[in-house]
Each structure stands twice: as C-alpha cells, then as structure tokens.
Amino acid sequence: MVKPSSLQKTLSKGAKLTSAMAVESGEEDDLSINEQAISASEDEEGSDDERKHKKLLEAISSMGGRKRKKQNERSEASVQVSEFFVNAEGTGEKINLSDLLGTVEKTSGASNKTKKQLRNLQNSKGTLALPLNKQETEKIQRGIAYEKTTKEVSCWQNIIVQNRKAEQIVFPLNQESSGPKRVEQVVAGWKAQTPLEQEIFRLLRINSQPVNDPVLTAVEEASLKAMSLEEAKIRRSELQKTRALQSYYEAKAKREKNIKSKKYRRIQKKAKHKEFLKQFEEMVKTNPEGALEELKKMELSRMQERMSLKHQNSGKWAKSKAIMAKYDDSARKAMQEQLQMNKDLTQKIVVLSDDEHESNEEGLETVPDFVNNPEPVIDPVNPWMRGQLTHEEPEVSCVTTEEPQTAEQENEEEELIGEFERKRNLRQADEEDLIPTEEQKPESEVVEDDVVEVSDKEEEEEDEEEEDVSEFNTLFRLMRSEKTLEGPNQKSQGLNTPEREGEEGLLNEGPIRVRNIEDLEVLPEDVDPQPIAAPSLPQTAVGEATSEPPNKKRREIDLKEVLTKDARVVKVPFLPKVVEEEDHDEQISIIKEAFAGDDVISDFIKDKRKQEAAGKPKVVDLTLPGWGEWGGVGLKPSRWKRKRFRIKMAPSPPRQDRKLPDTIISENRSTSIASHQVSQLPFPFQNTAQFESCIRTPIGQTWNTQGVVKKMTKPKVITNLGAIIEPMVKEDFIKNKTTTSAGKGPAIMLGENKRANKGRKWSSAKHRGRRGSQKRKKQQTSVTA
Amino acid sequence: MAAVTPEMLTSTHVEKMNKKKPPKRYWEETENTDQSQRRPEEEQDKSEQNQNKSTVKERSLKRKNGERLEKKDPFPGEAPIPHKQLQKFQRGEKCKVPAGACKRLKEVTASSEAMSEHAQKQAARYDLLLPEDAGLLEGDEDEDTNTISQDDIADAVDITSGSKYFNLHLSQFGPYRLDYSRTGRHLLVGGKKGHVACMDWQTKDLMCEMNVMETVNDVKWLHTEAMFAVAQKRWLYIYDSKGVELHCVKKFNDVLRMQFLPYHFLLATASATGFLQYLDVSVGKEVAAICTKTGRLDVMAQNPHNAVIHLGHPNGTISLWSPNQKEPLAKMLCHRGAVRSLTVDKTGTYMVTSGLDRKIKVYDIRAFKPLHSCFQPAGASCLSLSQRGLLSAATGDIVQVYQNVLGSSPVSKPYMAHRLRGQIWGLAYCPFEDVLGIGHGEGFTSMIVPGAGEPNFDALDANPYRSHKQRQEWEVKALLEKVQPELIGLDPGQLSKVDQASFEQRHKEQVEALGFDPLAKDKFKPRRKKKGRSSAGAIEKRKRKVAHEDQRDEIRQSVQEHTEREKELKEKSKEKKLGNKSTLDRFRK
C-alpha cells in the first residue's frame, strides 16, 4: 500500500516539473510541442514506457487526416535535444504570413500589385468564420442526399405510371419473345474450348457480330425495325413540301392582311357580295333548301347587326359624316343610307297568326267524343255501356277538391292566366300588324277564351307553337320580300294558305311533333281521308255546355277525351256465334257487380287527387290559441298569428304523372334496389352523369359477343404458372431505351454511363461546394454583424 | 452485350457458317459499329429489302404512285357498318367530359368510351349471323289474307310445317288453358275440369297426362320443361314432367292466374282474394305477398322487359306491380268497363288491352300514353302478342290475328282469322315458331300464323334444339345468373344509376365535415396578363366570355338536337320520296 501523502508528493512533483518545462519552452504553444514536453516529463518516470507511448502517439497522429510532418532530422544541437534526434530551432513553429512577406518586400522580382495585395491581406483584421455546427451540416447533407435519391428514384416514375395505367401486365415482365427459337439458343452448355474457337468468338464479339449463322446483327435488326430509307425520304420530302406551302400561304395571308387601303377593302367587299348574290340566285333555282339555309344565315346576321346597333349614327365615322353633311353631298347621301339601314334593321318583324292551330283547337273543341262511338251499347244496367257520362259528378268532385286548396295556388293560376293573356295580346298585335284588313272573328275570341282555361301543360305547348309560328313567319316574310312581284296579291288570307303550304313542302318545314294525347288522337284523324262522319252542330252545343268556368282545370275533360276516344271498327270475316246464355248472364252479373252505381272515372280522379294531396308537403301549424290574446270557444287566433306561425314546407318536386290525366305513377322511392346501387362517386368522376355513362355498357355474355366479353373482363395481372417473378430491376426498363437507340456497342454504352455518372457526381460535388460556400458566407455576415 | 448473350451458347455455328457464303455484312460491320445504324439501310440492295420487309415496301410503293403497283386492297380497312345497325346496339349516350377536367377522368372516360364503342361495333358486326327472316302470308290479288283457311295453308307449306296445324279434340274436360315452354318445344294444357297434360307438341310425344280431380284455373311451365305449376281450386301445385306431384304450396290459395318471370325464377300468382304473390322457385320461398285491395284478379300479364306484373281490374284500370312495393308502381285508367285481357310485347314498349267496352287499346307503356284504339263488335276475351308483334285476339269462338298493331296507324282488318268449335279460353304464341296455340271448350288447336315467331333464337338463352345435357348446363348457368327480386322496377337500368338520394345525403354530410364542396366548380379566375391587358375592364370582359357557360352549353345542345331531329326528318321524307319512286316509274303514263 502506498501512503496517500507520498502519492501526492510524486504528483505535485510531476506538476512542478511540467510547469518548469512550460516555462522553459517559453512562448511555445503548439500542441506537438506540448506533447513533446509531456513525453519529456515522462522520460524521467521510465524510458521504456516512454518509448512505447511515443510510438502509440505516432500511430495515432498518423491515423489522423492531416499529418503533422515532423522533422525528425538531426540538424543542429540545441537546448532541447532528445537522445534520439535533434530538432532545429523553431521547427514546430508556425510560419506567419509576415515572415514570408518580409522576404517578398525585399525581392525585386515580384510585381507591385501582388505586393499590394499581400499587404492588404496582412492588414485585414477579419476573422475566419466558424465551421458550421453539426446540425447545420447534417441538414445540408440530408438535403443533398434527398436530391440525389429523388433523382435516382424518379427514373422509376415513368415505368410505374405506365404499369399502373396498363390494361394488363404479364408477369414475369421481361419475357422472351414467344416466337420459335433456334435450337442453338435453346441448347445450352456449349462453350468455346479450343483456342482457335475462343479467338474467333472474341473477334466476333468485339465487332458485335452474330454468332449463329442465320441471325442478323443487332444493327441489322434495328434497321429492320426502323423505316426504310425510301420511305423516310419520301416522308421527309412531303413534310418539306407541306411546310413550304404553309409558309407561302402564311406569308400571303399576312401580306394581304396588312393592306391598309380602304379602297382595296371596299372593292373586295363588293366583289364578295356580288359573288354571293350570284351564287344565291343560282341556288334558289337549283337548290332551294340550300338557299333557304343561306337565307337563314342572312337572317341571323341581320339579327346580329340589329342586336349590335351598329348602324346608329353614334360611331366615329357617322359623327364625322354628320359634320361633313352640311357641305358634302356624298356624305349626306352616305348618312342617309346609314339611317335607312338602321330603320330597316330596327323594324320589327311582324308575326302571322296561326289559323291552322286555331282551327285545330276548334276541331278539338267541337268534336264530341262519345258521339264517335260507333255503336251504342244496349245495356240498360250499366251506365258505362250507354257511352255517356254523368257530367255532374266529376264537376262536383272537382269543386270539392278545389276548395281546400290554398289561396296561393289560386294566385299561381291567376298569374298563369295573366301571362297567357299577355301572350295572346302580343300575338293579336302581330296579326294586326301583318294583316290589318283581316277581321277579328268573334269565334276566334271565344276559342281563345276557352284556351285560357287550358291547364299549364297546354300552355307550354302553346308557347312552343307560338315560337314555331313566329319563326315561320319571319321566314315567310323574307321569302316574300324576295319575291316582290307577287307581293301585293298575298295580303288576303285565302291566298296565303296555299302559298304557305307550298312553301312548307318546299322547305320541308314543320315536323309533325306529337306532344300529348290529344295530338296523338288528332293526328290519325287528320291523315285519314274519310273521317268518321260527325255531326257538327250538336257537337258545339255540347262543347259549350261542358265548358267550365275559367278558373278550373281541364284535367277531367282530358280524361274523358282519353276514354271516349273514337276507335276504328274492325271488320271481321266471320261473326262469332251467339254466346251461350249462361256465359252472357255471368258476364252481366259481373258487370253489375263491378259497377254498382259508381263512376269509374270520377273514382279514378278522386284516387289521383288523394295521391297528389298525400304527396304534397303539409303546412305545419304552430299557432297556440290564447297566447298573447284572448282564447276560448269560438275564438280563432288572429290572422296575423296564423300567418306568422304557419310554416310552409318547400314544394315537392313535380309529379311524374302531372301531364298524364289517366295515370297515377307512384312517387315512392323503392329502397330495395338502393342497397345494390352505387351511392358514392368513385375517384376521378365529378358528377353522376359521367360515372353512369362510363358503366353504361354491360360486360356480360348476354349482351356482348364473346371476344368483347373476353376483352372487357381480361384480368389486370397475369402470372405465368410456375414462373419466378423477380422484383423489377432498373435494367428491365432501361434496356428498352438502349435497344431503341440501338447500334452502339455495349462497351461504349458502359463507358458513357460511367462518364455520365462521373459527371453527375462531379456536378453534385460542385453543387455541394457552392452551397457550402453560400452557407459560409451567410455565417460570415452574421458574425461580422 | 446483352444482345449477343443468347448466341454465345450456340454450338453448331461453325460448320454451317462454312457452308454458306460469307455474308457481306461482316465486312461492313467491322468498319464502324457506331454508325452502323443507318449505313446498312443504304447499302442493302432491294432484293434483300423485298425479303425482309414486304409490308414496308408495299407502303412505299403506294406512295410512289407507281409503275410497280402490285396488289392493292380495293376495300382497305375494316368493313363499314351501316348506321342503322350500329344504332340498334347503342347503349345510352356518350358523356362529354368538360374541358377543364382532370387528366385521370379524361383517360378513364376515353378508355370506357372506346370499349363501349368496340362492343357496339362488334355486336353490330355479329348481327350478320342472324340470317333467318320471318315468314309472311300473301294472298292472291283481291284476296284478303284473312279468308285463307288453315287447311289451305297446311296443304301449301311443307310437311313438317303443315303438321303444325292440328286439333286435339278434348271435349270432356272443358275449356283449356295452355302454356308453351320458353324454348317453344313443350306444351302444357290444363282443362277447367281437371285434365292436365304436357307434351312435346312437335313430335306429339305425350310426357304426362292426368286428371287432378279439381278445378284447374291456370297452368304454367316453370324455368324448364321438367316442372310446371298448376293453379287448382284451392292451392297451388307443382308437378314434374312425369306428373308426379312435387309440392302443394298452401300459402298460395285460390290462384286464378300465374306468370313466371324466367330471369328472376319467380312465379307470380294472382288470386281471387286479391292477393298478388311471388314464389321464388329456386329456393321455394315466398318473396312477397301483396294485397292489391282490388278484388278478384283474373287478368294478368308480365312485362318481359322489366319483369313488372300488370293486373287488370274490373273498374277499367290496369295496375303495375313489383314485389318490392306494397302499392302499385303505376295505375292507368284504360277502359270504361272492366279489363278483360291484356298483354305486353317482348320489348316492353307496348301494352295491348281489351275491355268490356269492346275496345282494344294499344298503349306505349314506357310513357303511359295511349297510341290508338280500335273497336271490336264483340270485344276480345283473350289477347296475345307474338315475338314479332302479331296480335291475336279471341272473340267468342273466333281468333283474329292482326298485323302492325304496334305501329303508328290503327288496323282496319285482321291479317288472319280462324273459327273454332268452342269458346276460346286461352291463347298463346309458341316461341320461335309460327304457331298460335288456342285452348278452347272443345280442346286445343294449333294454328299456323306465318311471321309470328322470332326466326333467330339465342341458343345461350333459349335453345329449342337443346339436348338433355345442354338443358342441365343451362339450368346451372341460369341459376348462377339469377336476378334478385329487389331489382324489379319500372326502369330495369336502375342498377346502373347512382343512388341519387343517398348520394346527395352523403355529399351533404361531406360538405358539412369539410367546410367546402369538393365537387363544386371553382369560379373562373382570369389569369393576370401583362402590358395593361389586366385592366379592370379587360378582366371583366374575359369573365364575360365564360359567364353562364353551363347554360350556354345546354342551349347549344338543345339547338343541336333540334337540328339533328330536323335532319332526320328530312332524310326520312327523302327516303319516302325515293321509296315511292321505282325505276320502272318512267315507263308509266
């Protein structure tokens, strides 16, 4: 055991010694010197140990990146001399710039400039920036690494996208072509053995020649795949030609476009106009339909002009002309012309009345329905067999159903009627414009009064018709202006109609559109050359009798029309035998049972009303009687309150059967199918229509041919049974590129690759360097600041 | 060196190489490997080219407008498909993808569009494989076809066809109902007084015959000819083709009429108590029982297009039913008297009804609109539509067959007529045959009606000539493809539509959760432009350009449709004009 005191002693001694050495070594502060000093101090402890330690230190120092060169040369004797080598004076000392500069100052060879620079350098007091801290450097390194890896990884991007988009992928990916193979390719295991063989193969390989005899060289194969020379040449020449032509044309167009001469423009315009007129006249003779289209176009342009109000005299030109008009005759003329044009354009086009439509309607009104029934049924029991309706019932039902309806509905109806009247006025005005001589017949007015009652659906139809008529009239007017010769004669209506009909034939206008049931019913009648004889007088009487007060809807009447529609009688070659007695009786009894004094139609109407009422959103009444006012028996809450606290719900969407008087379509949504339906739009689709159109084609065998089914249902991924599917390698898809750019020897490719790699590395290094310097600069500025 | 590797393994090359002349290319190639891509092309002589790439050569030859034009396809490309044929197979409308849509959407729609177009084209092309035409009956001059008797027809046609006109005299067991199997091979007849028999009617091979000792209201084949259902006095029974009773379904009582929905495997029954019931015959379960509350149901038909059941009622209405809804899908007032009979055509477009008011009415059942009606002096007790749209109507003991009933113009006289010995009780056309089966008081009559049956059958669906094995195969496949009863509705294409209600609901929730509408169109933001073109006025102008784009689109579309319709009409009228003129017209005075 060593006593603590003695140990302390030795320690303190050592310390002293070192301090002494430090003093001795003077201004030396370098690390190496320190080390040496330490070693020296340790010398005294034990020489053997010291040597080992020295060696170790040397080894460590040699491991470090920058070696401190030690001059272990013995040169001169000095104070500090170890036993083994002698150091020169100041060997470990740093050489300052000033030391060197001193000599530079003296040397005459150095230029003044460099001297100056050096001096500046010496005088500059700026401290060097600190090296970046760890986090910063790591951040930079990470950034660089990220860039590098993204670059590496991004070359996969294309192939991945391609594979994802591919309709079908077959694994393993790089399959050999499925064609027949040569035996030599299949049989493996042969190697060139003799030196001659090896030599030959080496040569072949160097020149990238085929090794098997029937095979083409890689180059030749590539050339086979490429275009033939001839074709390429032809294509190129074609391209050149088109390009040249295009450029000529462009140049020409440009030149012409840049012509500023007004005269030129005017002349051209006139020429064009003339040409057009000529063509048009010819067209009228040869191709009336085309002419009509042209006419339509003209009309359109006229409309546009009219809309744009170009010919008002508010333009620059017009104003200048107005000033000049006082002095210049021609200017005045031009102005007048323009004014005339403006007048022409702004004139309203007069619409002809649609007698045809009216007459149609009249026919509709006047033709009674059940009179057309070919044969009255002789069955006193059943009211329905008599073929006449009890008129009171439906009306009554109608009234009863009408009453509970709220006031707002009436308002709606009034609105509709008002609109309708407005339209009628418009049309009348038009009529008067066109044919002032034509007298307004009272009958037509009556008819129109009737028309007012027509339900909204008919109103719509009327709208359409009105549009049609107006369109037709504009065309007609235009045609008339063309044929000025016949103009004045056509004022009277009697002449108008045949002319118009002829025109219709000419234009192929007026497609027969079937809009509703009535039309449908009317159509065959019109077509029929011998309509079923219908006495007209009693008809009208009945029609008037059945006409209702204007506020009511005409749905009931529609329904009757539907049911009492006239039917053709079918001739039968044989007459059926007399039906057996009992059967007949049975039938009659059934009928009696079925119609025990009730009305089918009114029942149906009631049913429909009920359904409609059920479908309507109900008004929620939240009034509390007695709150804020007197309550009690016989007292009603005030009107204000009722108004305030009755909450109206949003109106339900229009019923599907609103235009079908004899049909009730259930508005209940069937929930059973909902579980099978798609309720969420898949990703790329933005609305349901897109999605629905995408899945509109079924893929089943029932609807498609076999080939299509196979194509539609082909699996996205196919794997060959037993084949090993290895992960994709870069070469798999990069190879393709190299083969397409074929012909180059692989060795060269490799070299190029290397070069490219090198280049990349270099550039990245450079990049890094730049970034580093930037950072450093920043640091510097911060420090100086 | 990747290209060379397979060749390295070869062995026999040396000898072969010696035998053949040394190829020129070796020398060429040694000069420069890098440039070799183009050079051989220049140097290859034409003979070599001819060998190697005849296709390329041909193309180049065409360009050269040349002296050496050899074989040229006079009809290059695929054979064109007539527009009408294409239209026949059109499914739905193309959807236009808006210009600003995302790329993925464009791709998806483009590919699906291409696929459906391809399918349509292929289907149109394969239409060529339906070569058979329907027959028809033509009388001499001034001879109405309806005066030609069945015996005359049977004498005139070949023996096999002639044998299709026959009578079964079964006067004992009263008026007969009948049903043909879906393939048209087998016939099932059921007499009111209990006589039930099934047979292969072409060979007249009796499969079974029995008397159930009860009133028989209706008989119906199930999915194959191995089983049939008989509606007896109280319960519904199911027998197999040998007459063995398989089931007595006591849940179905007082059944008057039956219909079998082949793709759903549903047997729909209408009872005297006013119940409409559905029996799933594949699992033997009752799918739905609906109380129609309309009294006795003895008029029933199915719409083959959407499997909706039509019922006729004594108050002149016709109601449409699906098993999924307790109330009728639709209800139409068709007759002033009770409805006596009704039938729906194969495409589900037309419905023909007859009532006690002695009218026959044709309806467009898709739009619920009457097309036309005709009056029959005695009314029609039974109606039936053939596959090709011939309507047969029974009045008393006479059957009349009408042509072109489903067209636009009403008929004036029947195409054929036939008088039978008893009151007619049942009418049915035989599928894929020109035969009308008539069940009447004195038995059964098979009548020849030229042009009634569909001449081309789909062997995968209903093959009249199928063997036993094929039938079994078909049965399995049909069961696998069975359509669930939930899918029955007025619109059979409902399944391919998005469930709008739940979609909207979900969308609303999403909007609430996200705080914005992900499907909303973002407002147009004019791009900033330089050189003073981004002044307020200019921006406003640019905005104006795209304002109301959707409305404009609609208008544009409607205008386009209008013009197209006009065009079509024009073409039609032209065709008519041309059609009236024949080449021999110029010889006319």
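Predicted model: local features only at pLDDT ≥ 70, side-chain atom pairs only at ≥ 80, totals over all residues.

Student: With which residue does Lys297(A) form a salt bridge?

Tutor: Its partner is Glu294(A), and the closest N and O atoms of the two are 3.6 Å apart. Both residues belong to helix α13 of chain A, which spans residues 288-308. They are separated by three residues, about one turn of the helix.

Student: Is Glu294(A) buried or exposed?

Tutor: Glu294(A) is buried, since its relative accessible area is 17% and burial is assigned under 20%.

Student: How far is Glu294(A) from Phe280(A) in sequence and in space?

Tutor: The two are 14 residues apart in sequence, and their C-alpha atoms are 7.7 Å apart. Phe280(A) is part of helix α12 of chain A, residues 262-286. Phe280(A) is likewise classed as buried, because its relative accessible area is 7%.

Student: What does chain A look like as a whole, in terms of secondary structure and burial?

Tutor: Chain A contains 31 helices and six strands. Of its 785 residues, 25% are buried. The accessible surface of chain A is about 56,800 Å², with 56% supplied by carbon and sulfur atoms. As for contacts in chain A with a separation of 6 or more, 67% are between residues 24 or more positions apart.

Student: Which residues make a nonpolar surface patch in chain A?

Tutor: Val620(A), Leu622(A), Ile647(A) and Met649(A) make a patch of about 320 Å². Val620(A) lies in strand β3 of chain A, residues 620-621. Val620(A) is partly exposed, because its relative accessibility is 34%, and a patch residue needs over 30%.

Student: Which residue meets Asp657(A) in a salt bridge, and at what N to O distance?

Tutor: The side chain of Arg655(A) does so, at 3.0 Å. Asp657(A) is buried, because its relative accessibility is 0%. Arg655(A) is buried too, with a value of 14%. Over all chains, the structure holds 30 salt bridges.

Student: Let us turn to chain B. Which parts of the chain does the salt bridge of Lys164(B) and Glu433(B) tie together?

Tutor: The side chains of Lys164(B) and Glu433(B) meet at 2.8 Å, N to O. Lys164(B) is in the loop between α10 (159-162) and β1 of chain B, and Glu433(B) is in the loop between β26 and β27 of chain B, so the pair ties together parts that are 269 residues apart in sequence. Glu433(B) counts as buried, because its relative accessibility is 12%. Elsewhere in chain B, salt bridges with shared partners link Glu549(B), Asp553(B) and Arg556(B) into one network.

Student: How many residues of strand β14 of chain B are buried?

Tutor: For a strand, one asks about cover and then about the direction of the side chains. In β14(B), residues 299-303, five of the five residues are buried. Val299(B), Ala301(B) and Asn303(B) point one way, while Met300(B) and Gln302(B) point the other way.

Student: To which strand do bridges join β14(B)?

Tutor: Five bridges join β14(B) to β15(B), residues 308-312, and the two run antiparallel. Asn303(B) has Val308(B) as its bridge partner in β15(B). The hairpin of β14(B) and β15(B) has four residues between the strands, and in it Ala307(B) takes a positive phi near 60 degrees.

Definitions and conventions
Residues numbered from 1 in each chain as written. Chains lettered and ligands numbered in written order. Heavy atoms only, no water. Buried < 20%, exposed > 50% of the residue type's maximum accessible area, 1.4 Å probe, protein only. Contact = heavy atoms within 4.5 Å. Areas by Shrake-Rupley, 256 points an atom, 1.4 Å probe, with all protein chains shown as cover. Patch = residues over 30% accessible without salt bridge, like charges linked within 9 Å, V, L, I, M, F, W, Y side chains within 5 Å. Salt bridge = Lys/Arg side-chain N within 4 Å of Asp/Glu carboxyl O. Pairing = 2+ DSSP bridges.
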